[in-house]
Amino acid sequence: MPLTITNLKCEFLQNPLGIDVLCPRFFWQLNAEGRNRVQRAYRIVAASSAEKAIQGEADVWESGRVEADAQTHVEYAGRPLLSRERVWWRVEVWDNQGEHAVSETAWWEMGLLQPQDKTAHWIGTWLYGGAKTSPSVPLLRRTFHLNKPVVSARLYISALGLYRPFLNGVRIGEDELTPGWTEYRKRVQYQTYDVTTLLQQGNNTVGASLGDGWYCGHIGWRDRQYFGSTPLLYAQLEVVEQDGKRTTIVTDENWQFHSGPVLASDMLMGESYDARLEQDGWCSPLPAAGDAWAQAVVHELPTVNLVAQTGGPVRRHETLKPVADPTQLHGKWIFDMGQNMVGRMRLHLRNMPPGITLQLRHAEVLNPDGTIYTTNLRAAKQTDYYTTRGGISEEWEPAFTFHGFRYVELGGYPGTPDAAVLTGVVLHSDMAVTGSFECSEPLVNQLQHNILWGQKGNFVDLPTDCPQRDERLGWMGDAQVFISTAAYNMDVAGFFSRWLQTVEDSQADNGSYPAYVPNISDAASDRDGNPAWADAGIICPYTMFLCYADKRLIAERYASMQRFIEYMLEKDPDLIRCAEERGGWRGFGDWLSIQAYTREDLLGTAFLAYDLRLMSKMAAALGKPEDEARYLDLFEKTRRAYQERFLTGDAPAALQSQTGCILTLHFDLAAEEMRGRVAAALVEDIRQRNGHLSAGFVGSPYINQALTSTGNLDTAYDLLHQKGWPSWLYAVTHGATTIWERWDGWTEEHGFQDPGMNSFNHYAYGAIGDWLYTTVAGIEADAADPGYHHVRMAPQPGGGLKYAKAAHKSLYGEIASSWRIEGSRFEWEIKLPVNTYATITLPGKSGSEQGKALAEHADVRIVSEGASGSTVRIGSGEYRFTSILSE
């Protein structure tokens with residue numbers, strides 16, 4: 001196959017519309033047969049039309065021929081870009097084998113870059129509701145006339161709340177829950193839509209329905225109206241007609257509103273819809289006037305900072321059908337969707353009389369008597385109501401809510417429903433699945449399935465802890481322990497880039513980060529997140545750099561991260577964070593650990609040291625040698641302070657819990673001569689617990705890495721395979737399809753845990769996925785050459801597994817690792833995309849590649865050889881290695 005260029009992206013997106021990044025970055029992938037294929041040079045052409053780009057006429061910018069292998073994060077370096085400007089681009093590439101390729105043409109379009117470009121007003125209604133009750137969802141519209149055919153049109157639209165846009169009776173786009181949840185007091189996103197084909201010469205009507213959403217509906221454990229009292233709409237429709245005339249329609253006093261069929265809508269409580277109140281044709285090109293339509297209320301909000309959408313919006317994805325016809329209990333019908341999912345139900349009705357109200361209640365699990373278990377939802381209702389219009393066919397799906405559930409209780413249905421009545425619609429942010437893992441143990445494969453579905457369900461616009469109860473917040477601790485696993489499973493580059501901006505927007509004046517973002521607490525103490533939670537402000541940007549080589553992200557967050565470091569250093573000048581002698585900290589500790597306690601000052605100091613080491617690495621990446629040296633020196637001083645306080649005496653504090661041992665090892669806090677003792681203490685604690693872990697949110701994500709790095713691979717595999725609780729597989733063996741919040745969310749001995757906090761869809765314990773990819777399958781990024789330009793591949797088979805395989809779609813293309821054991825023979829297939837290279841460790845002895853000894857192989861460069869295996873360097877392409885494992 002000749003050299004080809006595919007998957008052109010700008011700012012991680014294909015053909016992005018309405019961005020406000022002033023120097024966009026370009027990405028592309030290369031495909032070619034053979035091995036060791038490397039890009040030698042590239043040339044980017046950016047033009048004002050597709051035709052000019054195709055012809056190579058760079059009237060916007062041309063990079064010239066650049067002798068470099070860069071194919072990710074290549075920055076636009078032309079003249080200043082203009083609001084609304086569309087630029088077409090293509091790239092041509094030369095490789096090390098003399099081949100030359102030219103890509104197809106792609107484009108990006110700028111949004112509204114200047115404050116004066118944004119001329120609309122915020123509008124709403126006088127429908128406010130109260131602290132507990134939601135008002136009906138209003139419909140807003142504006143009718144206008146166009147004299148000529150339309151050449152182009154863009155709708156720039158946002159809301160404080162949620163909006164769903166329409167034009168001439170047609171819904172615009174496929175996005176859900178827009179504009180998303182940000183720190184509204186700092187910035188609000190807007191979306192851009194190309195609506196050219198929806199307009200017509202003559203009369204037109206633009207409109208939107210407007211929901212409460214996160215802005216003024218229930219959020220977390222709070223009542224309604226935390227950020228504002230009523231939802232508001234902002235819309236700017238810009239039209240260019242055939243004769244060049246420009247017409248701009250903005251939200252202002254010329255808009256009208258009317259109550260619609262949605263009687264109430266709330267993210268936590270659910271939605272109530274009366275189809276008899278539908279306003280037929282309300283947004284048609286020339287709708288009936290109607291006396292009931294009132295003038296919209298204009299709100300002047302000069303402080304709202306409107307910014308373009310970053311990352312993918314929430315979208316519909318899979319649809320699921322019930323696994324069987326429902327069962328009837330107490331006059332209600334119970335449907336099993338077969339998967340704990342996040343989204344909504346779609347009703348399909350036929351020949352219903354008007355005025356029948358159906359009730360849909362959602363739950364994750366069932367009570368022993370077969371009824372739905374809802375006590376763990378706390379104040380969240382997760383209940384939708386639909387009142388029929390009557391007729392041959394009706395179909396309905398809520399618009400401004402989502403639920404976490406596997407089971408659905410249908411009430412009020414006249415007759416006997418079957419499985420065709422309901423369809424589950426899965427919602428999550430628009431992120432491509434980029435990872436897969438499989439091995440010879442089906443239970444572990446189900447664990448990977450559960451990890452992925454837990455990620456889908458909790459990545460609905462921001463990384464939440466849970467999707468069902470009255471919480472659903474962007475908990476920082478959960479995010480930082482899971483982010484590396486998340487980046488294997490899905491493309492989260494844009495997703496976390498936006499959330500990390502919100503993290504900075506939520507930072508307190510003194511530099512502290514809160515425990516969850518956006519922050520919905522007014523208490524000063526809640527603006528100071530505790531160890532392992534606030535540290536997400538350092539760990540998450542670093543992980544994005546490691547996985548996506550995103551220097552711009554860490555550069556943009558750098559000052560914020562520095563403020564957090566200085567806050568900690570000022571608060572704890574002796575480098576003992578959360579010291580008991582200074583009052584300690586009433587934080588979360590090793591959250592939900594089992595019969596174990598880890599001191600807060602140990603956790604705090606360990607994470608301070610880890611933060612400092614990561615800051616030194618990021619400073620080095622950004623070319624800041626003085627900062628690099630300072631943070632590394634502070635790391636060493638904190639490390640010594642940790643050793644003196646927690647690793648001395650007859651019973652060192654760090655050895656009194658699994659998590660103390662884990663953090664000591666994984667964060668490299670012990671002197672070399674002490675590591676063996678710490679590892680032995682960890683293994684002994686596991687042995688005394690009959691092969692079970694006890695670590696909670698803070699320690700368990702790293703436990704298998706800590707064991708593996710200290711030569712205790714067998715113990716790590718034993719933990720992976722453990723089926724009794726607490727363990728990863730206990731929930732799997734009891735039918736779980738997502739990750740539970742608690743190790744003992746339900747047990748055979750005790751039934752359900754405390755309903756006050758018992759989610760069955762919580763991704764944090766899914767952080768074991770990182771170890772499955774890095775250690776079992778053997779795919780790992782290298783911080784020295786990040787973003788998988790250089791891949792470290794060192795699978796460590798064990799635990800009786802006969803095979804394991806994984807793949808990860810990096811920015812360069814797919815990386816794959818697949819090994820199998822036949823007797824004592826180890827067979828390992830590897831795939832590396834063009835323009836990447838890897839350092840691999842082949843376990844065993846007598847290593848060869850397709851029958852040729854490693855020492856005699858032209859495509860393999862030996863780095864080291866030993867009794868336990870061979871480490872070699874390889875370039876792109878496909879390989880098949882074999883070796884002999886020790887008996």
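Contact here means heavy atoms within 4.5 Å. I am working from a predicted model.

**Entry 1: Leu 553**

I started with Leu 553. I found it in helix 7, residues 551-571. Which residues does Leu 553 touch, leaving out those up to four places away in sequence? I listed Ser 497, Leu 500, Pro 541 and Met 544. Is Leu 553 buried or exposed? Its relative accessible area is 3%. The cut-off for buried is under 20%, so Leu 553 counts as buried.

**Entry 2: Ala 493**

Next I took Ala 493, which lies in helix 5, residues 493-505. I read a relative accessible area of 2%, so Ala 493 is buried. Setting aside neighbours within four places in sequence, I noted contacts with Phe 12, Met 544 and Tyr 548. Met 544 is also on the list for Leu 553. From Ala 493 to Gln 455 I logged 14 Å, C-alpha to C-alpha, for 38 residues in sequence.

**Entry 3: helices 4 and 6**

I then turned to helix 4 (residues 476-489) and helix 6 (residues 536-548). Their axes come within 9 Å and cross at roughly 10°. Angles under 35 degrees count as roughly parallel, so helix 4 is roughly parallel to helix 6. Which residues make the contact? From helix 4 I wrote down Met 476, Ala 479, Gln 480, Ile 483, Ser 484 and Ala 487. From helix 6 I have Ala 536, Gly 537, Ile 539, Cys 540, Thr 543, Met 544, Cys 547 and Tyr 548. I checked the classes: 10 nonpolar, 4 polar and no charged residues. Met 544 and Tyr 548, noted under Ala 493, belong to this contact too.

**Entry 4: the largest nonpolar core**

I looked up the largest nonpolar core, which has 206 residues. Which members touch the most others? They are Val 492, Phe 496, Trp 499, Met 793, Ile 874 and Phe 881. Helix 8, residues 600-621, gives the most to this core, with 13 residues. Beyond four places in sequence, its contacts include Gly 778, Ile 779, Trp 828, Leu 832 and Thr 841.

**Entry 5: helix 15**

How many of the residues of helix 15 are buried? I got 9 of the 9, residues 769-777, so the helix is largely enclosed by the rest of the structure. Asp 770, Trp 771 and Tyr 773 are among them.

Notes. Residues are numbered from 1 along each chain as its sequence is written. This is a predicted model: local features need pLDDT of at least 70, side-chain atom pairs count only at pLDDT 80 or more; totals for chains, interfaces and linings use all residues. Side-chain values use heavy atoms; hydrogens and water are left out. A nonpolar core is a set of buried Ala, Val, Leu, Ile, Met, Phe, Trp, Tyr and Cys residues joined through side-chain atoms within 4.5 Å. Buried means under 20% relative accessible area, exposed over 50%, partly exposed in between (1.4 Å probe, protein chains only). Helices (H or I, at least four residues) and strands (E, at least two) are DSSP runs, numbered from the N terminus. Axes are lines fitted to C-alpha atoms, for helices over the stretch in contact, and angles run from 0 to 180 degrees between N-to-C directions. Angles under 35 degrees count as roughly parallel, over 145 as roughly antiparallel, 65 to 115 as roughly perpendicular and the rest as oblique. Ala, Val, Leu, Ile, Met, Phe, Trp, Tyr, Cys and Pro count as nonpolar, Asp, Glu, Lys and Arg as charged, and the others, Gly among them, as polar.
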